[in-house]
Structures are given as C-alpha cells and as structure tokens.
Amino acid sequence: MKFTSVCGLLATLLTPALALAAPFELDESSYRQDVKTLASDAFGGRAPLSTGEQLTLDYLTEAFKEMGLEPGFGNSYLQAVPMARITADQNMQLKLGSMSFRNGEEFTARTQRVTPKVEVQDSEVVFVGYGINAPEYGWNDFEGLDVRGKTLIVLVNDPGFATQDPKIFKGNAMTYYGRWTYKYEEAARQGAEAVFIVHETAPAAYGWGVVRNSNTNTKYTLVDKDNNASSVGVMGWIQHDSAKKLFSQAGLDFDTLKQQAVNKGFKAVPLKLKANLTLNNKIELAQSHNVAALLPGTEHKDEYLVMHAHWDHLGKTIEDGKEVVLNGAVDNASGVAGVLALAKHFKQQKGIDAPKRSILFSAFTAEETGLIGAQYFAENPPVPTKQLVAFLNIDGMNMGKGVDYILRYGEGVSELEQYLNDAAKGQGRSVKADPRPQNGLMFRSDHFALAKEGVPGLLFMSLGDTDPDYIAHKYHKAADDYDPSWSLDGVRQDLALISDILARLANNNDWPQWLEDSDFKKRRAQDQR
C-alpha cells in the first residue's frame with residue numbers, strides 16, 4: 001500500500017484530474033421519492049429496533065440491489081449491531097436535598113447500564129466545574145478529588161467557549177472535552193455514580209426541547225461483556241433555572257461558581273446535599289443493523305472510500321400531550337437519499353470513468369443515540385482500517401436554494417480540506433468556516449467514530465445554516481418533515497461537489513493525512529507503519 005506525502009498530495013491536486021467520473025446530475029424525482037418515503041409516517045421516525053428500522057433496511061437493501069452493487073459485508077448488505085434498548089419509566093423524580101425536580105421539565109435521566117434498576121441513594125452532590133481532565137491543556141477539574149459514588153453537577157461545553165479566549169482550549173470552537181459524551185465518559189472513569197449537565201442553550205447549541213426529546217424516550221447502547229457496568233449510573237441533564245435554585249438551596253451562587261470554573265486550578269465545591277433517584281428500566285437485547293453496498297474498484301480493489309449517511313432518527317415522542325412522529329426528513333433522510341444518488345451515479349460510470357478504488361456506500365444505525373452504529377463499524381470494519389482511505393459523511397442537506405459557499409467543519413485538521421477547497425473552487429464557490437464552531441459538530445456525527453480509529457473524514461452538513469428556522473423549530477421535532485416546495489438547488493449543488501471529491505480520491509493514489517497532532521493522527525500512524 002502506498003502513502004503519499006503532503007508534497008505528493010499537492011502535486012496530485014494541482015495536476016488536471018484524469019479518468020474522473022462524468023459530472024453528477026441529480027435525478028430529482030428519485031431523490032424526492034427517497035426522502036418522502038424514508039421520512040413518511042409509515043416509517044415511524046426510523047427508530048432503531050422498530051418496525052421503521054425493518055422498513056428502512058428493506059428499502060435501502062432493495063435500492064442497492066437494483067443498482068447492481070455488491071453486499072458491503074461479505075455476503076450481506078447488513079451488519080448486525082448487537083445492542084440493548086433501554087426504556088426508563090418516566091414516572092421518576094429527582095430529589096436533591098429538600099427539593100424535588102420534575103422529569104422532562106426540569107431534568108432528564110437515563111442509563112447505559114443493562115440492568116432493570118439503577119438506584120442513586122443519598123449520593124453526595126459535588127459541582128466539578130466543566131468535569132474535564134485534559135493533560136494537554138494542563139486542566140484537571142478532578143485533581144485531588146475522589147468522586148466515587150457521588151453525583152456530579154457539570155457545566156456544558158468547555159472553558160474556551162465561556163471565555164472566548166483562543167488561548168484557553170480552542171476558544172469559541174468546542175473541543176471534544178465540551179461534548180456531553182465526553183463528560184459522561186470521564187465521570188465514569190472517575191467512578192462517579194451520576195452526572196447532571198447544566199443545560200444552557202448557547203453553549204449546548206440547542207434548546208431544552210432537544211434535550212427532553214432526546215433523553216425521555218427509548219435509548220440504545222452497545223453492550224460489553226459486563227453489561228456496561230463500568231459506565232456512569234445516571235446520565236442526566238438539569239435545566240438551567242433549576243440548577244440555580246439547587247445552588248441557592250445549598251447557600252451558593254451558581255453564576256459566581258460558573259465564572260470561577262473557567263479558571264485553571266478551579267477546585268470542586270461540595271453542595272452538602274444528597275441526591276436520590278431510581279431508574280426503573282425495561283431492557284430488551286436485540287440487533288440493529290448497519291447497511292452498506294460495495295462498488296469494487298477497477299484497479300485498487302483493496303483500497304476503500306466510504307460514502308455515508310446515518311439512516312436512523314428518533315422514532316416517536318410526546319409533544320403537547322400527543323404522540324407525534326419525528327420523521328427526520330432533513331436529519332437525515334436527505335443525507336441517505338444523497339448517498340443513494342451518488343451510488344447510482346458512480347455505478348453508472350464505465351471504462352476510464354469507473355472508479356479505480358472501491359467505494360462503500362453506507363448507512364449506519366443509532367447515530368442519534370451516540371454514534372452507536374458507527375462505533376460498532378469502526379471497531380468491526382468489513383476491511384482493516386488501514387485500507388480505508390477516507391470517510392465522507394452527509395448529515396443533513398440544504399434542501400433550498402444554492403449558496404456560493406460550502407461549510408468546512410474544523411480547520412487544519414486533515415489534508416481532506418484541500419480537496420474541499422479545490423472542489424468548491426471548481427464550482428465558483430468559497431469555503432466558509434463553520435459559523436458555529438462552539439457547537440462541536442466535528443464530534444457529533446458518524447465520521448467521528450471513524451476518526452477515533454485514524455480514518456480522516458469530511459462532514460457535509462447544512463442544518464440551520466441555509467434555514468435559520470431549522471434548529472429553533474424543526475431539529476429533532478415533528479416539524480422536520482418532507483416539504484414538496486423544496487427547490488433542491490442546494491442538494492444538486494452539494495452532491496455535485498461531493499461527487500467531485502469522491503471521484504478524485506477514487507482515482508488517485510493519495511492517502512490523506514491528519515495535520516494537527518491528535519489521537520487520530522497517532523492511530524493512523526499505527527496503521528501506516
């Protein structure tokens with residue numbers, strides 16, 4: 001296997017592309033039908049382990065078969081993802097000191113432990129600032145602290161966002177230390193029994209309604225040999241005003257402590273209160289599925305690109321006392337339809353236009369519950385990760401008018417950014433930095449699970465960028481539904497751009513590298529020894 005240098009990469013990019021696929025043209029009728037079908041009420045919001053999953057799997061498998069693509073997992077288009085479906089009884093009550101908090105309105109709580117009951121009994125409550133242990137930043141909110149069996153209150157995001165100081169973490173741009181997933185992972189490593197993240201809309205990047213809808217219904221998790229016993233017992237959120245009342249009960253001022261927590265060396269503060277909460281869980285062990293189809297390369301069959309979009313959404317929930325379907329038309333039926341359109345396009349290329357490298361067209365399960373399908377794929381890939389060149393990921397498309405730019409998530413992260421620059425330039429568009437780096441979108445979609453295994457990726461996402469109303473009123477809500485008035489100009493534009501990048505990577509010998517020092521770069525180096 002050959003790995004080109006940065007110089008080699010630049011030389012390749014500056015050389016006129018040969019044997020690239022023909023220009024992409026969107027079959028608008030097929031694309032609309034794919035989105036409309038996947039986002040229909042009949043599919044029930046495409047929740048994993050539901051009737052909607054089976055309908056989705058059948059639809060995608062049949063589409064790939066009709067195209068003449070090979071199964072992506074040996075003899076099957078499906079990869080079984082063993083997981084647990086955990087449904088917590090929502091008639092729960094959180095008691096902190098003398099105060100009781102209402103589920104869904106003031107707090108949410110769930111668990112990844114595969115057990116019918118999780119009990120937090122008289123657990124000491126401690127405020128640990130941002131709940132971060134980051135040696136490379138010289139930051140440790142847990143220094144000298146024993147939190148085993150305790151309940152932690154932590155702030156959302158990281159100190160960089162709070163200070164807007166680029167010398168603290170990455171300033172306004174969220175690091176992985178700001179993600180809720182990290183905070184639960186670190187709390188588990190520290191031995192805590194429960195964690196409640198204080199919700200605030202700006203640093204979280206979404207309102208309380210998103211937290212409620214995402215955490216008060218059935219959740220999914222991979223299952224380890226110990227039934228996830230080492231995970232934190234309670235993964236919770238607490239509404240901002242409720243947190244302020246809690247701190248006041250403890251004789252403390254939340255805003256003052258929040259300000260102090262942005263300073264390196266902040267010392268945790270015991271609230272001198274006890275937490276009590278019982279989660280009664282319905283446990284179902286089952287298999288969900290990732291989907292993938294293979295287009296073998298004509299020359300380098302053992303070198304693979306992955307073109308991806310997650311197929312799942314949130315199923316059903318209760319809004320204003322009524323059950324509603326969360327159809328997820330933009331997030332992410334639009335992306336799955338985009339993958340199908342690209343698969344059809346590349347399959348049709350013949351002769352010198354046919355891709356030299358192999359391409360996997362994939363759709364994973366349970367992205368919305370923490371990149372579960374992607375994590376399983378990354379840890380159990382159909383081919384070794386050293387054979388995966390790059391991972392291109394669509395997570396929500398621009399269904400409206402075209403724009404004169406494409407968003408870039410992250411900066412100076414990998415050499416794939418040069419491909420993005422060149423493809424945009426070819427369309428007469430500019431590359432625009434993520435306007436909301438504080439939202440941490442680099443860490444919130446399936447490409448991140450592959451990055452952990454060293455595979456560089458690009459995220460294509462238009463949520464809330466071209467439709468300012470989307471995040472406020474549609475994201476993870478019933479309003480994210482198919483709209484026949486969409487012009488699809490943005491879809492046509494972006495799929496053509498993605499097609500260009502995919503074609504270039506499929507027809508050259510580049511192995512794009514990570515640029516900044518990171519665990520991703522170290523992992524890739526292991527594969528390329």
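A: Let's start with Tyr-206, which is buried at a relative accessible area of 8%. Buried means under 20% relative accessible area, exposed means over 50%, and partly exposed is in between (1.4 Å probe, protein chains only). A quick word on what you're looking at: this is a predicted model, where local features need pLDDT of at least 70 and side-chain atom pairs count only at pLDDT 80 or more, while totals for chains, interfaces and linings use all residues. Residues are numbered from 1 along each chain as its sequence is written, and side-chain values use heavy atoms, with hydrogens and water left out.

Trp-237 counts as buried too, at 3% relative accessibility. To see what these two have to do with each other, we need a rule for ring pairs. Rings of Phe, Tyr and Trp (its six-membered ring) pair if their centres lie within 6.5 Å; planes under 30 degrees apart are stacked, over 60 edge-to-face, and the rest tilted. That rule gives 22 aromatic pairs. Take Phe-169 and Tyr-177: their ring centres are 6.1 Å apart and their planes are at 75°, so this pair is edge-to-face. Phe-169 is buried at 7% relative accessible area, and Tyr-177 is buried at 15%. Helices (H or I, at least four residues) and strands (E, at least two) are DSSP runs, numbered from the N terminus.

Ring pairs join Tyr-137, Trp-139, Phe-169, Tyr-176, Tyr-177, Tyr-182, Phe-443, Phe-448, Trp-514 and Phe-520 into a cluster.

Charges can sit over rings as well: NZ of Lys or CZ of Arg has to be within 6 Å of the ring centre and within 35 degrees of the ring normal. The charged end of Arg-357 does this over the ring of Trp-511, 5.3 Å from its centre. Lys-432 lies over the face of Tyr-405, 4.4 Å from the ring centre.

Now step up to whole helices. Helix 3 (residues 51-67) and helix 10 (residues 329-347) pack with their axes 10 Å apart, at an angle of about 15°. Here axes are lines fitted to C-alpha atoms, for helices over the stretch in contact, and angles run from 0 to 180 degrees between N-to-C directions. Tyr-59, Leu-60, Ala-63, Phe-64 and Met-67 of helix 3 make the contact with Val-336, Leu-340, Ala-343, Lys-344 and Lys-347 of helix 10, where contact means heavy atoms within 4.5 Å.

Helix 10 also holds Asn-332, and a cis peptide bond joins Asp-331 to Asn-332, with omega about 10°. For background, most peptide bonds are trans.
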